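This report describes a single protein chain from its fold to its individual side-chain contacts. The sequence and structure are shown first.

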Amino acid sequence: MSEVVHPPESVYNLIPREEVHIQKPPRYMSKHRPTVVLEEKSTKDAMRTMGPAKVEVPSPEKYLKKHSKEPKLPEMTQCSKEFRTTCAVKKPPVPARTDIPPMGIRTKRDFIKTATAVPMKPQPVCVDTSKGHKQLLEKSGLLPKYIKKKHYGEVPDYLLQRNDEERRAQEEYDDFVREQREKGAMKHLSDEERQTILEGLKKNWDQLHREYQGLSLVTDTISKKFHKERLEVAMKQLESDIGHFERFKTIYIPTI
């Protein structure tokens, strides 16, 4: 059985209370409502009423006749006939046999030059699509007009200037190296020494790479993180040194 839950007893519940009635505001009604209702009733279609529309039935005498719907031209009146005759421009009459033709009329046109003039040749075109699209042959890129230019095949000025700058920089570097060698501050590495140093650098890089591959995947401590960063920096420096030794055949080192 379900137990009935009663509210807690209180002396204040014994005092009768007055019921408070909430008064709602009046419902909003638009002042244009009657006008809208009248317009809706006045514009209602005929077939929306109950049953068929009450229209006038055509009489049997007004049946559809042949050519009755063809457009009819306006009838010709006397005013239209006169307008057509007056608006037409009449040609001048044929001159008679006794009339004297006008004399002394001259023109500035050179008939000899006109007769001997060479007709203009059409510009050559090329068709580049199967649908017949045309374009001028000169702008199509099929004519070798660039190789016939005056300066075709010559080295540009900016390349000559850059080559001169590179040559001057190389000469200055050679002079500096020569001066340092004369002072005894620099030493030239031979091919055997360069090859020996290059093999030693590659061997050191292999050892560091083997040690790097043996690191744990999880760097959860500070010491592991520092060790990994130290190996990466050392390997990057060795890769830079190996690249310099492989790229340059002539190497000078300072003598301390």
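Predicted model: local features only at pLDDT ≥ 70, side-chain atom pairs only at ≥ 80, totals over all residues.

Residues are numbered from 1 along each chain as its sequence is written, and side-chain values use heavy atoms, with hydrogens and water left out.

## Overall fold

The protein chain contains six helices and four strands. Helices (H or I, at least four residues) and strands (E, at least two) are DSSP runs, numbered from the N terminus. Along the sequence, these elements follow the order α-α-α-β-β-α-β-α-α-β.

Of the 256 residues in the protein chain, 6% are buried. Here buried means under 20% relative accessible area, exposed means over 50%, and partly exposed lies in between (1.4 Å probe, protein chains only). The protein chain exposes about 26,600 Å², and carbon and sulfur atoms supply 57% of that area. These areas come from the Shrake-Rupley method with a 1.4 Å probe; for residues, only the protein chains shown count as cover.

Among contacts between residues at least 6 apart in sequence, 53% join residues at least 24 apart. A contact means heavy atoms within 4.5 Å.

## The largest nonpolar core

The largest nonpolar core has ten residues: Leu189, Leu198, Leu201, Leu208, Leu231, Met235, Leu238, Ile242, Phe245 and Ile251. The elements that give two or more residues to this core are α5 and α6, and α6 supplies the largest share, five residues. Such a core is a set of buried Ala, Val, Leu, Ile, Met, Phe, Trp, Tyr and Cys residues joined through side-chain atoms within 4.5 Å.

Leucine 238 belongs to this core. With its neighbours within four places in sequence left aside, leucine 238 is in contact with Leu201, Asn204, Trp205 and Leu208.

## Salt bridges

Side chains of opposite charge can pair when their charged atoms come close. The structure holds four salt bridges, each defined as a side-chain nitrogen of Lys or Arg within 4 Å of a carboxyl oxygen of Asp or Glu.

Aspartate 164 and arginine 167 both lie in helix α4 (residues 157-183), three residues apart, about one turn of the helix. Arginine 167 and glutamate 171 are also both in helix α4, four residues apart, again about one turn. Aspartate 164 is partly exposed at 33% relative accessibility, as is arginine 167 at 43%. Glutamate 171 is likewise partly exposed, with a relative accessible area of 40%.

Glutamate 246 counts as partly exposed at 42% relative accessibility, and lysine 202 is partly exposed with a relative accessible area of 36%. Salt bridges that share partners join Asp164, Arg167 and Glu171 into one network.

## The largest pocket

About 210 Å³ of space lies in the largest pocket. The residues that line this pocket are Gln170, Tyr173, Asp174, Met186, His244, Phe248, Thr250, Ile251 and Tyr252. Helix α4 gives the most to the lining, with three residues. Ile251 lines the pocket and is also part of the largest nonpolar core.

On a 1 Å grid over the protein atoms alone, a pocket is an open set of points where a 1.4 Å probe fits, with protein on both sides within 12 Å along at least five of seven lines; lining residues have an atom within 4 Å of a point. Grid points are joined across faces, edges and corners, and the volume is the space filled by probe spheres set on the points.

## Two local sites

Leucine 136 lies in strand β2 (residues 134-136) and is partly exposed, with a relative accessible area of 32%. The C-alpha atoms of leucine 136 and cysteine 126 are separated by 6.3 Å, the two residues being ten apart along the chain. Beyond its neighbours within four places in sequence, leucine 136 is in contact with Gln123, Pro124 and Val125.

Histidine 67 is found in the loop between α1 (33-42) and α2 (78-87). Its phi is near 60°, a positive value in a residue other than glycine. Histidine 67 counts as partly exposed at 47% relative accessibility.
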